[in-house]
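Morning, everyone. I will go through one protein today, from the overall picture down to single residues. Please have a look at the sequence and the model first.

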Amino acid sequence: MKVLVIEDTVTSATLVCHQLTKMGLLTVHARDGESGVEMFKRDRPDLVLLDIIMPGMDGFEVAHRIRQLEQDGDWTPIIFLSARASDEDLARGIAAGGEGLRGVIRGGGGGVVDHVGTLVLERTT
């Protein structure tokens with residue numbers, strides 16, 4: 001399973017990619033929204049982990065563009081990575097085509113990794 005991580009903070013991206021790799025997943029990393037959309041087109045990942053606050057294009061716009069690229073019947077789960085977890089952010093994320101918000105937990109990213117693990121099991125069984 002291939003996971004595209006779109007995250008501008010190198011430390012967060014490294015942590016998340018490391019944890020996913022330990023789970024046996026292939027990861028690719030984009031540092032901004034524009035390159036994330038391009039990598040989505042090129043690599044067609046099975047899952048997208050997406051930061052909300054990035055320079056240039058924010059995560060909500062990236063999710064919207066990814067949804068526009070998908071063909072009928074295609075659907076790639078998008079999970080937002082953010083310390084923001086307000087009801088408004090959740091609503092915007094879902095409206096943009098995301099699964100919802102999963103904050104990156106400092107010291108291990110366990111919440112995101114657990115959620116990804118659940119998605120992997122659902123998609124492979």
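Of the 125 residues in this protein, 47% are buried. That figure, like the others today, is computed from a predicted model. The exposed surface comes to about 6400 Å², and carbon and sulfur atoms supply 51% of it.

Now the elements. We have five helices and five strands, and from the N terminus on they run β-α-β-α-β-α-β-α-β-α. As for contacts between residues at least 6 apart in sequence, 61% of them join residues at least 24 apart.

H1 covers residues 10-22, which is 13 residues. Which residues of H1 are buried? They are Ala13, Val16, Cys17, Gln19 and Leu20. These residues cover an arc of only 160° around the axis, which means that they sit on the same side of H1. On the other side of H1, Thr11 and Lys22 are exposed. Just after H1 comes Gly24, with a positive phi of about 90°.

Next, a strand. E3 is made of residues 47-51, and five of the five are buried, so E3 is largely enclosed by the rest of the structure. In a regular strand, side chains alternate between the two faces of the sheet. Here, Leu47, Leu49 and Asp51 point one way from E3, while Val48 and Leu50 point the other way. Both sets are buried.

What does E3 pair with? E1, residues 2-6, runs parallel to E3 and is joined to it by four bridges. In that pairing, Leu4 has Val48 of E3 as its bridge partner. E3 also pairs with E4, residues 78-81, again in the parallel sense and over four bridges. There, the bridge partner of Asp51 is Leu81 in E4.

To get from E3 to E4, the chain goes through helix H3, residues 59-69, and the three together make a right-handed β-α-β unit.

Thr76 lies in the loop between H3 and E4. Is Thr76 buried or exposed? Buried means under 20% relative accessible area. Thr76 has 9%, so it counts as buried. What is around Thr76? Leaving aside neighbours within four places in sequence, Thr76 is in contact with Phe40, Pro45, Asp46, Leu47, Val48, Arg67 and Glu70.

How values were computed
Residues are numbered from 1 along each chain as its sequence is written. This is a predicted model: local features need pLDDT of at least 70, side-chain atom pairs count only at pLDDT 80 or more; totals for chains, interfaces and linings use all residues. Side-chain values use heavy atoms; hydrogens and water are left out. Helices (H or I, at least four residues) and strands (E, at least two) are DSSP runs, numbered from the N terminus. The expected span of a helix is 1.5 Å times one less than its number of residues. Buried means under 20% relative accessible area, exposed over 50%, partly exposed in between (1.4 Å probe, protein chains only). The arc is that of the directions from the helix axis to the C-beta atoms. Two strands pair if DSSP finds at least two bridges between them. A crossover is right-handed if, with the strands pointing away from the viewer, the path from the first strand over the helix to the second runs clockwise. Contact means heavy atoms within 4.5 Å. Accessible areas come from the Shrake-Rupley method with a 1.4 Å probe; for residues, only the protein chains shown count as cover.
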